[in-house]
Amino acid sequence: MIRPVLRMGNPRLLEVAQAVSVCPSPALDALVADLLDTMRHLDGAGLAAPQIGVSQRVVVFEVKSNPRYPEAAPIPLTVLVNPVITPLADEQVEDWEGCLSVPGLRGRVPRYRHVRYTGTDQFGEPIDRTVSGFHARVVQHECDHLDGILYPRRMHDLEYFGFEGEVAALRAQTEQG
Ligand code: NI
């Protein structure tokens, strides 16, 4: 079922979500189905349970050829329960992000370039991946939602924050450099 996505300013987006204690479960299956329906309906690269008002540590992400991220390499459909992210180096890179809870806006956000992430899928099967680049960025963005953090709080320079239709020149400038 497609669910409404909470928008920045809603205090529920600031909560630290609770660990999933039973996995698998029918309730978890229903939550994951709603997350996937909602993400795909909105052409999102990912979605976290708190964004649909469910305070549980569950995220989903998938990048095919996404019209909102035309330059991004594909990421397989992933359902991640109780995720843990470990940066593999101190190096951070800045790039542009959007968020379904911050509609219409884009900002340049620093993220770790290389991370390992672990957790399980919705069936309780372990996931353990080492990723970099856009995949690493998406995981960090989605898991931040589980700790009540929206991407503007990660930004160093609010000069590089603006409406999708307006930031093309800034993007071109930052992508050259
Ligand atoms: Ni988001």
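Helices (H or I, at least four residues) and strands (E, at least two) are DSSP runs, numbered from the N terminus. Keep that in mind as you select things below.

**Before you click**

This is a predicted model: local features need pLDDT of at least 70, side-chain atom pairs count only at pLDDT 80 or more, and totals for chains, interfaces and linings use all residues. Residues are numbered from 1 along each chain as its sequence is written, and side-chain values use heavy atoms, with hydrogens and water left out.

**Stop 1: the whole chain**

Show the chain as a cartoon. Look for three helices and eight strands. Followed along the sequence, they come in the pattern α-β-β-β-β-β-β-β-α-β-α. The chain's radius of gyration is 16 Å, close to the 16 Å that the globule rule gives for 177 residues, so the chain is as compact as a globular protein of that length. That radius is taken over C-alpha atoms, and the globule rule is 2.2 Å times the number of residues to the power 0.38.

Turn the view along the principal axes. The C-alpha trace spans about 50 × 35 × 30 Å.

Of the 177 residues, 48% count as buried. Buried means under 20% relative accessible area, exposed over 50%, and partly exposed in between (1.4 Å probe, protein chains only).

How far apart in sequence are the residues that meet? Among contacts between residues at least 6 apart in sequence, 65% join residues at least 24 apart. Contact means heavy atoms within 4.5 Å.

**Stop 2: T174**

Select T174. It lies in helix α3, residues 168-176. Is T174 buried or exposed? T174 is buried, with a relative accessible area of 12%.

The side chains of T174 and W96 make a polar contact at 2.9 Å. A polar contact is a pair of N or O atoms within 3.5 Å; within protein, one must be able to donate a hydrogen and the other to accept it, and residues adjacent in sequence count only if both atoms are side-chain atoms. The T174 side chain reaches the backbone oxygen of R171 at 3.0 Å. Leaving aside neighbours within four places in sequence, T174 is in contact with W96, R108 and Y160.

**Stop 3**

Go to P24, in the segment before α1 (26-41). Check the peptide bond from C23 to P24. It is cis, with omega near 5°.

Now select Q122, in the loop between β6 (114-120) and β7 (126-132). Although it sits in a loop, Q122 is buried, at 14% relative accessible area. Which residues does Q122 touch? Not counting residues up to four places away in sequence, Q122 touches C23, P24, L28, D29, V32, V79 and V81. Show the side chains of Q122 and D29: a polar contact of 3.2 Å joins them.

**Stop 3: two positive phi angles**

Select D43, in the loop between α1 and β1 (46-48). Its phi is near 55°, a positive value in a residue other than glycine. D43 is partly exposed, at 37% relative accessibility.

Then move to N82. This residue lies in strand β3, residues 75-87. Phi of N82 is near 50°, again positive in a residue other than glycine. N82 counts as partly exposed, at 28% relative accessibility.

**Stop 4: S65**

Select S65, in the loop between β2 (58-63) and β3. S65 is exposed, with a relative accessible area of 71%. Draw a distance from S65 to F161. They are 96 residues apart in sequence and 24 Å apart in space, C-alpha to C-alpha.

**Stop 5: L150**

Finish at L150, in the loop between α2 (133-146) and β8 (161-163). L150 counts as buried, at 5% relative accessibility. Not counting residues up to four places away in sequence, L150 touches M8, L13, S101 and H145. Then draw a line to G133. L150 and G133 are 17 residues apart in sequence and 19 Å apart in space, C-alpha to C-alpha.
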